[in-house]
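This report describes selected features of one protein model. Please look through the sequence and the structure before reading on.

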Amino acid sequence: MTIATRRFGRTNWDLSEIGFGAWAIGGSWGNVNEADARASLHAALDAGMTFIDTADVYGDGRSERIIRDVLRERGGERPIVATKAGRRLSPHVADGYTKANLEAFIDRSLANLGVEVLDLVQLHCPPTEVYYRPEVFEALDSFVTAGKIRFYGVSVEKVEEALKAISFPNVASVQIIYNIFRLRPAELFFPEALRRDVGVIVRVPLASGMLTGKMNAGSQFAADDHRNFNRHGESFDVGETFSGVPFEVALEAVEELRALVPGDASMAQFALRWILMEEAVSVVIPGARTREQAAANAASSELAPLPAATMERVRDIYRRRIAPHVHHRW
């Protein structure tokens, strides 16, 4: 299997266009035992993924520590590991984004990941006000100078936040939700990211599993799975769960999408390949809870480009069924 690579903005990293999203192996997706978590990460790396995305709050550091242990076990050339900082704040407010707090979070991630310098640190969906505080980005610059981090970026909820963030010259990357159910980033943000040579990490590419085509009206989720407890935004932004699309509406759209999936692909692979048709995307980070899921995600890189007619039919389904629920919100 060969995963195509893409240049990651001005970092000049050449990374696999499919990466490993490590939220699911940390927590909030129901029970994922450590053996399965390690196996899925091994499978992703065996398949050629060279980018791992995690955060300090995924399982309260569990995700970072599993990554540390697997990479030590494997040895050899390390993939790029991106983590995030900020969501440990309680309450999670803009005033908490101080240099001292951020440094404490970074030091904890350095220990969890067992490294002397972090490849990429992303502000973890901070309040919008943070993007209007230059001192936050000056603090991140100081951590680069001190040798604690190589590059920094942001993980955002809204297109407007992404556009504001990249007005700061040293923001190397933006992580944003983009998928068949969330098309707005392609309108303004993607062209600007290309112009400014900013890496784009696409998260929630399968709309919390909805775009695997395996869910139905009777699907049940564990009590500790965000697809149960955050269905209406009770714990964090509702856009992180099924991309903010009402469950029944999403199921109807998925049924219409089935006819567009090529015979040599699963719906999940089709959904990932659809994202990769966008030039501005640097890497897509689907999660995987099993070895099989990780391998299938990697294989989506080998699918043929989608025809223009298919791309337009997807956009039509979005405009008719999905956009009224999400387009104006994020």
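Which residues lie nearest the centre of the second largest pocket, and how many residues line the second largest pocket?

## The second largest pocket

The model is predicted. In it, 15 residues line the second largest pocket. Met49, Thr50, Glu77, Arg78 and Pro79 are the ones nearest its centre. The space in this pocket comes to about 270 Å³.

Two elements, strand S2 (13-16) and helix H2 (62-74), each contribute at least two residues to the lining of the second largest pocket. The largest share comes from S2, which supplies three residues. By residue class, the lining holds seven nonpolar, four polar and four charged residues.

## The open sheet

Eight strands form an open sheet with parallel pairing, in the order S3-S4-S5-S6-S7-S8-S9-S10. Strand S3 (20-21) and strand S10 (283-284) are at the edges, and each has a single partner strand, so one side of each has no neighbour in the sheet.

Within the sheet, strand S6 (residues 118-124) runs parallel to strand S7 (residues 149-155), and six bridges join them. Leu120 has Phe151 in S7 as its bridge partner. Helix H4 (residues 134-145) lies across S6, S7 and strand S8 (171-177). The angle between H4 and S7 is about 155°.

## Strand S9

S8 and S9 also run parallel and are joined by five bridges. The bridge partner of Ser173 is Gly199, in S9.

How many of the residues of S9 are buried? Five of its five residues are, and S9 is thus described as mostly covered. In a regular strand, side chains alternate between the two faces of the sheet. In S9 both faces are covered: Gly199, Ile201 and Arg203 are buried on one side, and Val200 and Val202 are buried on the other.

## Helix H9

Helix H9 (residues 267-276) is also mostly covered, with 10 of its 10 residues buried. Among the buried residues are Arg273 and Gln269, as well as Phe270, Trp274 and Leu276. An α-helix has 3.6 residues a turn, so residues three or four places apart point the same way.

Against which elements do the buried residues of H9 pack? The strands are strand S1 (5-8), strand S9 (199-203) and S10. The helices are helix H8 (247-257), helix H10 (291-299) and helix H11 (308-326).

Terms used
Residues numbered from 1 in each chain as written. Predicted model: local features only at pLDDT ≥ 70, side-chain atom pairs only at ≥ 80, totals over all residues. Heavy atoms only, no water. Pairing = 2+ DSSP bridges. Helix = DSSP H or I, 4+ residues; strand = E, 2+ residues; numbered from the N terminus. Contact = heavy atoms within 4.5 Å. Axes fitted to C-alpha atoms, helices over the stretch in contact; angles between N-to-C directions. Buried < 20%, exposed > 50% of the residue type's maximum accessible area, 1.4 Å probe, protein only. 1 Å grid on protein atoms, 1.4 Å probe; cavity = no way out; pocket = protein on both sides within 12 Å on 5 of 7 lines; lining within 4 Å. Points joined across faces, edges and corners; volume = space filled by probe spheres on them. Nonpolar A, V, L, I, M, F, W, Y, C, P; charged D, E, K, R; others polar.
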